Amino acid sequence: MKDPYQVLGIPRSASDEEVKRAYRNLARKWHPDNYAGQAQAAGYEEIMKEINEAYDAIQKERAGGGREYSGGGTQSSYSSYTSAGTTSFEQVRRLIAEGRYADAKLIIDSTPPADRGAEWNYLMGCLLSYAGQYYDAMRYIEIACYLDPANEEYREAKMRMQRRGADYGNVYRTNTDAGDCDVCGTCSTLICCDTCCECMGGDLIRCC
Amino acid sequence: MFGYVRPLVTELKVSEAERYRALYCGLCRAMGHATGQLSRLTLSYDFTFFAAVRLILEGAAPVFAPMRCPAHPASRRLTVEPHPTLTFTAALSAAMADAKTDDDFADERGFSRVKPALRKPFTASISRRAAKLLPPDTDAQIEMRLARLAERERAGCPSLDETASLFGDLLGFLFGLGLDGERASLASQIGTAVGKFVYLCDAADDLADDVRRGRYNPIAAGWGPLALEDGRLSPMVKSSLSASAPIGLEALGEATEDLDPAHVFTPIVKNIVYLGLPASLGRVLDGRKAEKTGGMPGKERL
């Protein structure tokens, strides 16, 4: 397999954001829809596959360090994401990564009821929250967690929403407080001044 | 109407609590003048909030004066003096009371229809008086929006966002009514967000009752068998609503940040928006009834 960074045309030092952007640009360029019906479409599909694999590889590599996606015992949805299978959910995730929510929604909506498991609920929740429909979004995410309680990804999404909800109202009257004029603030400011003075050869507070 | 739009009194400054009550009393008085003494029974916290928002947006400087009131004959109470905005609010409140009666009548079956049917002549008469104080097609506009909502409800719409947005539309329309330009859009932004939230609270509040009586409930329609547990809101529904409802309020918080910070009613509106509404949600999710807070006007109908 080729070096995934080479495939995406970015240096190893690229940030997550840059990786995502490079992937998105390439995926848009090489998306099968652009070449529908053309003779060489099969060749383009190879390229698209390569790009997807490269992106997955980088994601997996980076996720290994930061977030615990591929925990051993639990059935992580991430593994299904990287698996070679061509489920429609994988495509939905790609479309979401590319920002093509409307297309992703079409696939989600056309999923037969029998296949609407935890992952379907989760993806539906994600799409609705991008659309600002939080009441319904949270319902789907909650149901996803209910259907697959061990899944880290769904739990993480739920917790993110809960944190965001809990943050609401925190701004009330916070800006009318007297700022950092409390005892702790005053002391630390004095210590800081003293340290600075000492650096320059002087001394503000003799005893320390 | 619903009574969910009220301040968290314990977090108000004493002066703010007093001014809030003065506004409440002022609105009550305005209702007496605009639509008849009996209409004062339909006084609500929701329209007090409406009046506060409109007074801020209009840059009105309300005058506070101690006045006597038949409900509290012993002492004079600080009251907001008559103001066109209060009269307007009173008229809208009456129009909504009538629309609510029609709505209840359409929702109920059999014996439960008696209450709205008995109320109808009264709300119809105050609404007729109110119509003279409102733009000509207000009633029709309200009806049109409620009909749109009722249609989705009859269809058993499983999306709480969808039905709540339709109710939000109605409140957005009411809040923006008679304003223009930027103030109108800010007002309808506030109304829309409050409407969505109120609809959610109401749905959660009525869930057990609606399910028992086989009526439509947007939460039951979406959650199906997961909605209830032992006849009460299931922990899943609670967890879902307690996260998503405040997120839905973020837009409301942003809108209130654009209100004139120097106006006397702005801190009260912010209290309602940031603390009062989440407190109401908490009450509903815990299945508690609103407690009568000491020193606050306690009576509310509709």
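**View 1. Salt bridge across the interface of chain B and chain A in the predicted model**. The rule, a side-chain nitrogen of Lys or Arg within 4 Å of a carboxyl oxygen of Asp or Glu, finds 1 salt bridge across this interface. B:Glu250 pairs with A:Arg164, and their closest N and O atoms lie 2.6 Å apart.

**View 2. Area buried between chain B and chain A**. About 2,300 Å² is buried (accessible area, 1.4 Å probe, that two parts lose on being put together, summed over both), and carbon and sulfur atoms give 63% of this area. B:Asp161, B:Ile247 and B:Tyr274 supply 26% of the area that chain B buries against chain A, more than any other three residues.

**View 3. The side of chain B that touches chain A**. The contact (heavy atoms within 4.5 Å) takes 34 residues from chain B and 21 residues from chain A.

**View 4. Helix 2 of chain B, residues 45-57**. In helix 2 of chain B, 13 of 13 residues are buried (under 20% relative accessible area, 1.4 Å probe, protein chains only). Just after this helix, B:Gly59 takes a positive phi of about 65°.

Residues are numbered from 1 along each chain as its sequence is written, chains are lettered from A and ligands numbered from 1 in the order in which they are written, and side-chain values use heavy atoms, with hydrogens and water left out. In this predicted model local features need pLDDT of at least 70 and side-chain atom pairs count only at pLDDT 80 or more, while totals for chains, interfaces and linings use all residues.

Key. Helix = DSSP H or I, 4+ residues; strand = E, 2+ residues; numbered from the N terminus. Expected span 1.5 Å × (residues − 1). Buried < 20%, exposed > 50% of the residue type's maximum accessible area, 1.4 Å probe, protein only.
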